[in-house]
Amino acid sequence: MAVRTEGTPCWVDAQLPDLEAGKRFYGELFGWTFDPARDEALLGGRRVAGLVPKRDGRMPTTWTLYLATEDAGTLAARIKAAGGQMVMEPYPVGPFGVYALAADPGGAVFGIRQEGDPDGFEVTNEPGAFCWMEVHTRRPDDVDTFYATVFGYLGRQADAGQEGGGVDYRVWSPPGSRPGGGSAFGGRAVITDDFPAEMPGHVLVHFAVADCDEACETTVRLGGRIVTPAFDAPHGRVAVLHDNQGARFAVRAEPKPSATD
């Protein structure tokens with residue numbers, strides 16, 4: 001198993017009150033099939049995500065992003081030292097490795113995962129698979145410092161007309177890479193006053209699709225809803241959606257070539 005760079009996305013899962021309804025929804029939306037023995041979604045037979053039953057009704061129905069680590073205990077200590085919090089301390093999950101839940105200084109919750117064998121993504125960045133992480137926060141300076149300190153993220157502020165379209169948006173790349181461009185795996189966005197005051201900091205998981213508008217139509221037909229209608233961004237066409245049980249996620253289609261390309 002290839003060792004993933006610490007802090008890079010390695011897995012996503014959704015905790016759903018009705019697992020079978022979730023399988024029907026995502027199976028049709030993304031073309032997933034499912035391994036019943038491991039609660040894993042497969043895309044062309046390759047691991048792509050997890051769908052798990054929500055066992056505590058007090059917990060949110062949500063997608064959780066997991067960041068890779070070789071030592072969950074050591075990483076948990078660094079998170080707390082840098083101003084984050086551990087929502088759930090590291091705990092073993094049989095052959096799936098060691099899991100934990102943490103929150104950054106802005107309150108966005110993410111998972112950390114010391115991987116088992118075999119485990120994690122087998123495919124990303126193709127239709128039906130994870131393609132991007134996005135941390136939304138009201139405390140951008142604290143959050144930028146936190147991820148740089150804990151994971152060594154290399155950040156590049158997006159300029160007008162680039163990734164952020166002129167807004168305060170920071171693109172993240174892993175340590176040892178050239179910031180931005182093809183190395184980027186996620187970014188940080190600011191929750192502005194245009195959003196409801198009660199909206200907390202959060203991590204938004206993006207999945208790649210072939211056609212963003214078609215994915216929106218399919219979501220509505222399957223009982224989900226559109227949170228942010230499809231819009232054109234520098235890196236493709238994006239929409240934010242809720243599934244048929246309220247879990248929020250985004251879809252992104254690659255930019256279509258222009259007539260001059």
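What follows is a chat about why parts of this predicted model get the labels they do.

Me: Before we start, what makes a feature count here?
Reply: This is a predicted model, so local features need pLDDT of at least 70 and side-chain atom pairs count only at pLDDT 80 or more, while totals for chains, interfaces and linings use all residues. Residues are numbered from 1 along each chain as its sequence is written, and side-chain values use heavy atoms, with hydrogens and water left out.

Me: What makes β2 and β6 edge strands?
Reply: Start with the sheet: it is open, has eight strands with mixed pairing, and runs β2-β3-β4-β1-β5-β8-β7-β6. Strands are DSSP runs of E with at least two residues, helices are runs of H or I with at least four, and both are numbered from the N terminus. Two strands pair if DSSP finds at least two bridges between them. β2 (33-35) and β6 (85-92) each pair on one side only, and that puts them at the edges. From one strand to the next, the twist averages 30°.

Me: How do you know that β1 and β4 pair?
Reply: Four bridges join β1 (residues 9-16) to β4 (residues 46-53), and the cut-off is at least two, so they pair, here in the parallel sense. Asp13 has Gly50 of β4 as its bridge partner, and Leu16 stands opposite Pro53 in β4.

Me: And what makes β1 and β5 a pair?
Reply: Six bridges against a required two or more, so that counts as well; these strands run antiparallel. Pro9, for one, has Leu67 of β5 as its bridge partner.

Me: Why is helix α1 said to touch the sheet?
Reply: Contact means heavy atoms within 4.5 Å. α1 (residues 19-30) packs on the sheet and touches β1, β2, β3 (40-43), β4 and β5 (62-69). Its direction makes about 150° with that of β4; axes are lines fitted to C-alpha atoms, for helices over the stretch in contact, and angles run from 0 to 180 degrees between N-to-C directions.

Me: What makes the span of α1 close to the expected one?
Reply: The expected span is 1.5 Å times one less than the number of residues. With twelve residues, α1 has 16 Å expected, and it reaches 16 Å from its first C-alpha to its last.

Me: Why are Phe25 and Tyr26 called buried?
Reply: Buried means under 20% relative accessible area, exposed over 50%, and partly exposed in between (1.4 Å probe, protein chains only). Phe25 has 1% relative accessibility, so it is buried. Tyr26 has 0%, so it is buried too. Other buried residues of α1 include Leu19, Gly22 and Leu29. In β1, seven of the eight residues are buried.

Me: What makes the aromatic pair of Phe25 and Tyr26 edge-to-face?
Reply: Rings of Phe, Tyr and Trp (its six-membered ring) pair if their centres lie within 6.5 Å; planes under 30 degrees apart are stacked, over 60 edge-to-face, the rest tilted. Phe25 and Tyr26 sit at 4.8 Å centre to centre with 80° between the planes, so they are an edge-to-face pair.

Me: How do you know that Tyr26 and Trp63 are edge-to-face as well?
Reply: Their centres are 5.4 Å apart and their planes make 90°, so the pair passes both cut-offs. It links distant parts of the chain, with Tyr26 in helix α1 and Trp63 in strand β5, 37 residues apart. Trp63 is buried because its relative accessibility is 4%. Tyr26 and Trp63 also belong to one aromatic cluster with Phe25, Phe30, Trp32, Phe207 and Phe249.

Me: Why is His202 called buried?
Reply: Its relative accessible area is 16%, so it falls under the 20% limit. His202 lies in strand β13 (residues 202-209), and its side chain reaches the backbone oxygen of Pro200 at 2.9 Å.

Terms used:
Polar contact = N/O pair within 3.5 Å; in protein donor to acceptor, adjacent residues only side chain to side chain.
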